[in-house]
Amino acid sequence: MHLIKSDKLTFYKPKIGQSVALPFFDVGVSAGFPSPADDFIENRISLDELLIEDADATFFVMAHGDSMIGAGIHDGDIMVVDRSITPEDGHIAICSIEGELTVKRIKKEKDRITLLPENPNFKPIIVEGEVTLLVWGVVTKSIKNHLR
């Protein structure tokens, strides 16, 4: 995995090649009352095949900060980003605004684009006029660390 750092995001390029199939128990786990384990039915799953649609267009980014907590993206989460997806209204994307990187939800309007945080403590970023906006890719999934 290759690492590229910026001030606010940490980028990773997936290392494709050796896929490892790990045990996958396809029984569902109750978040309420315990349920029988159906004799621990086991399949195998490859996380790179599950997380990555287009390997050549995919990279990973570590989130820093809490502007997207309402979307379930927290500080330290790894976002799976696909550059081959055309960004649409409502997508969460990695964006460059005048050279500054951020992750926000895209809101397309008639004469402007607004980048929306998912935390009321942050203000939307209105993109209009001569402002340079580049969308690096669309966030398709996120990976959480529950041991923090």
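How many bridges join strand E6 (residues 78–82) to E11, and do the two strands run parallel or antiparallel? Five bridges join the pair, and the strands run antiparallel. Here strands (E, at least two residues) and helices (H or I, at least four) are DSSP runs numbered from the N terminus, and two strands count as paired if DSSP finds at least two bridges between them. Within this pairing, Met79 has Ser142 of E11 as its bridge partner.

A word on the model comes next. The structure is a predicted model, in which local features need pLDDT of at least 70 and side-chain atom pairs count only at pLDDT 80 or more, while totals for chains, interfaces and linings use all residues. Residues are numbered from 1 along each chain as its sequence is written, and side-chain values use heavy atoms, with hydrogens and water left out. The predictor's confidence in each residue, pLDDT, is given from 0 to 100. The protein chain averages a pLDDT of 82, and 72% of the residues score at least 70.

Arg105 is the bridge partner of Ile92 in E8. The hairpin of E7 and E8 has two residues between the strands, and Glu98 takes a positive phi near 50 degrees there. Five bridges join E7 to E11, again in an antiparallel arrangement. In that pairing, Ile97 has Leu133 as its bridge partner, and Ser96 stands opposite Leu134.

Strand E7 is mostly covered, with six of its six residues buried. In a regular strand the side chains alternate between the two faces of the sheet. Ile92, Ile94 and Ser96 point one way from E7, whereas Ala93, Cys95 and Ile97 point the other way, and all of them are buried.

Not counting residues up to four places away in sequence, Val139 touches Ile73, Met79, Val80, Val81, Ile92, Ala93, Ile94 and Val103. The C-alpha atoms of Val139 and Lys104 are separated by 9.6 Å, although the two residues are 35 apart along the chain.

Side chains of opposite charge can pair when their charged atoms come close. A salt bridge is taken as a side-chain nitrogen of Lys or Arg within 4 Å of a carboxyl oxygen of Asp or Glu, and by this rule the count comes to three. One of them joins the side chains of Lys144 and Asp77 (2.5 Å, N to O). Lys144 lies in the segment after E11 and Asp77 in the loop between strand E5 (58–62) and E6, so the pair ties together parts that are 67 residues apart in sequence. Lys144 counts as partly exposed because its relative accessibility is 33%, whereas Asp77, at 0%, counts as buried.

Arg105, the partner of Ile92, also forms a salt bridge with Glu118, the closest N and O atoms being 2.5 Å apart. This pair links distant parts of the chain, with Arg105 in strand E8 and Glu118 in the loop between E9 and strand E10 (125–127), 13 residues apart. Arg105 counts as partly exposed at 24% relative accessibility, and Glu118 is likewise partly exposed, with a relative accessible area of 22%. Arg112 forms a salt bridge with Glu109, with 3.1 Å between the closest N and O atoms. Arg112 is partly exposed at 28%, as is Glu109 at 33%.

Key
Contact = heavy atoms within 4.5 Å. Buried < 20%, exposed > 50% of the residue type's maximum accessible area, 1.4 Å probe, protein only.
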